[in-house]
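Reader: I am new to this structure and would like a close look at a single part of it. Please take your time with the answer.

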Amino acid sequence: MKILKIDHLGIAVNSIDDGKSFWSGVLGLDFEGAETVAEQKVTTAFFPVGESEVELLESTAPDGPVAKYIEKRGQGIQHVAFRVENIDEALTELKEKGVQLIDQQPRIGAGGAKIAFLHPKATNGVLVELCQRD
């Protein structure tokens, strides 16, 4: 598996609009736009930082994974995403190594990226996302 870089940090927020006040208003990061990913019950907003991004995640449903995360842990960093060269090969390698996965196969995430999550039980409590952008 070839990890190319940290693609983004996912931050769970109650409100993207409120989050924009800090990330754009205070830190001066450019707001790249928002996108709703209905399958994941989330609206995302990206703020580029060099070759990586900050991704704000606002739940679109009370039973969505981001809403559940905020209910348990409050707002804050929800996941770290690594860009990989080939997500299918990465998942195969991780399965062979016995790593517990949330996603056995990649799915489509924000911006059309292929994504898959590793289970936090396998990563010392950190939700790790793999993503491939073509």
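Which residues point one way from strand 8 and which the other way, and are they buried or exposed?

Author: This is a predicted model, in which local features need pLDDT of at least 70 and side-chain atom pairs count only at pLDDT 80 or more, while totals for chains, interfaces and linings use all residues. Residues are numbered from 1 along each chain as its sequence is written, and side-chain values use heavy atoms, with hydrogens and water left out.

From strand 8, Val-128, Leu-130 and Gln-132 point one way, whereas Glu-129 and Cys-131 point the other way, and all are buried. Here buried means under 20% relative accessible area, exposed over 50% and partly exposed in between, with a 1.4 Å probe and protein chains only. Helices (H or I, at least four residues) and strands (E, at least two) are DSSP runs, numbered from the N terminus.

Strand 8 has two neighbours to consider, and strands count as paired if DSSP finds at least two bridges between them. Strand 5 runs parallel to strand 8 and is joined to it by 4 bridges, with Val-80 opposite Val-128. Strand 7 runs antiparallel to strand 8 and is joined to it by 5 bridges, with Ala-116 opposite Leu-130.

Strand 8 (128-132), together with strand 5 (76-84) and strand 7 (114-118), is also what the buried residues of helix 3 pack against, where contact means heavy atoms within 4.5 Å. Those buried residues are Ile-87, Ala-90, Leu-91 and Leu-94. Seen down the helix axis, they fall within an arc of 95°, so they line one face of helix 3; the arc is that of the directions from the axis to the C-beta atoms. On the other side of helix 3, Glu-89 and Glu-96 are exposed.
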